[in-house]
Amino acid sequence: MKKKKISINIDKVYTKKGDKGTTSIIGENFVSKSDPRIVCYGEVDELNSSIGFCFALIQECDQMKDEKISESIKSIQNDLFNLGTMLAISNSIDTKEYPSIDSENIKFLENLIDLYNEKLPPLKSFVLPSGSTIGAYFHVCRTICRRVERSCVSLSRLDEINPDIIKYLNRLSDLLFVWARWSNKRLDKIENVWSI
């Protein structure tokens, strides 16, 4: 089935519609902004913004201008926007026409994990978030991603969501961990490890 062409025309930043603590999702009006579904896609937005910060750091670093990682980050940011769209649709609506992620997007992440991980030495202890600014911030993104994953698991206990959402977030957190390590290696920065 062909995906729905979503018409977007934003000419005003504020609408005042959310001043009473409610918002709309596709197929439902006046949903509390504290609703678990709203919390989930808000946290996806936070994750996307944080990954965008990593992208900006990479663009400013001559040693890191690796076209593969930059293009991969842009793809992931688009995927996260689509994942957020999946969360922003009421279960009363047929989601087949809307942007989404699926097993192909998850496979994309797995391929990236394998590609970058093979360039890293094996771990002999737990890594502490450290090293370069980029590496440390990938760790920040990883922890945000884990929080989003937990929130989506909680939502799945209350409401039906596509299981690919949780799988995608699980793989993405693994990729962010690998990118943190890879960034530190690329920049020749030592990552601290846990010691008892």
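Biologist: Why is Val148 called buried?

Modeller: Val148 has a relative accessible area of 0%. Buried means under 20% relative accessible area, exposed means over 50%, and partly exposed is in between, computed with a 1.4 Å probe on protein chains only. The value of 0% therefore makes Val148 buried. Do keep in mind that this is a predicted model, where local features need pLDDT of at least 70 and side-chain atom pairs count only at pLDDT 80 or more, while totals for chains, interfaces and linings use all residues. Residues are numbered from 1 along each chain as its sequence is written, and side-chain values use heavy atoms, with hydrogens and water left out.

Biologist: Thanks! Where does Val148 lie?

Modeller: Val148 lies in helix H4. As for the label, helices (H or I, at least four residues) and strands (E, at least two) are DSSP runs, numbered from the N terminus.

Biologist: How many helices and strands does the protein have, then?

Modeller: There are five helices and two strands. From the N terminus, their order is β-β-α-α-α-α-α. Of the 196 residues in the protein, 38% are buried.

Biologist: What makes H1 roughly antiparallel to H4?

Modeller: Helix H1 (residues 36–59) and helix H4 (residues 133–158) pack at an angle of about 165°, and their axes are 9 Å apart. That angle makes H1 roughly antiparallel to H4. Axes here are lines fitted to C-alpha atoms, for helices over the stretch in contact, and angles run from 0 to 180 degrees between N-to-C directions. Angles under 35 degrees count as roughly parallel, over 145 as roughly antiparallel, 65 to 115 as roughly perpendicular, and the rest as oblique.

Biologist: Which residue classes make up the contact of H1 with H4?

Modeller: That contact has 19 nonpolar, three polar and four charged residues. In this scheme Ala, Val, Leu, Ile, Met, Phe, Trp, Tyr, Cys and Pro count as nonpolar, Asp, Glu, Lys and Arg as charged, and the others, Gly among them, as polar.

Biologist: And why are H4 and H5 given the antiparallel label?

Modeller: H4 and H5 pack at about 170°, with their axes 8 Å apart. They are therefore roughly antiparallel to each other. The contact of H4 with H5 holds 15 nonpolar, seven polar and four charged residues.

Biologist: How do you know that the span of H1 is close to the expected one?

Modeller: H1 has 24 residues and reaches 35 Å from its first C-alpha to its last, against the 34 Å expected at 1.5 Å a residue. The expected span is 1.5 Å times one less than the number of residues. H5 also has 24 residues and reaches 35 Å, close to the expected 34 Å.

Biologist: Which residues of H1 are buried?

Modeller: Among them are Ile38, Val44, Leu47, Ile51, Cys54 and Ile58, and the list also includes Arg37 and Glu43. An α-helix has 3.6 residues a turn, so residues three or four places apart point the same way.

Biologist: Why is Gly42 called partly exposed?

Modeller: Gly42, also in helix H1, has a relative accessible area of 36%, so it is partly exposed.

Biologist: What makes Asn162 a cap for H5?

Modeller: A side-chain oxygen of Asn162 lies 2.8 Å from the backbone nitrogen of Asp164, at the N-terminal end of H5. A polar contact is a pair of N or O atoms within 3.5 Å; within protein, one must be able to donate a hydrogen and the other to accept it, and residues adjacent in sequence count only if both atoms are side-chain atoms.
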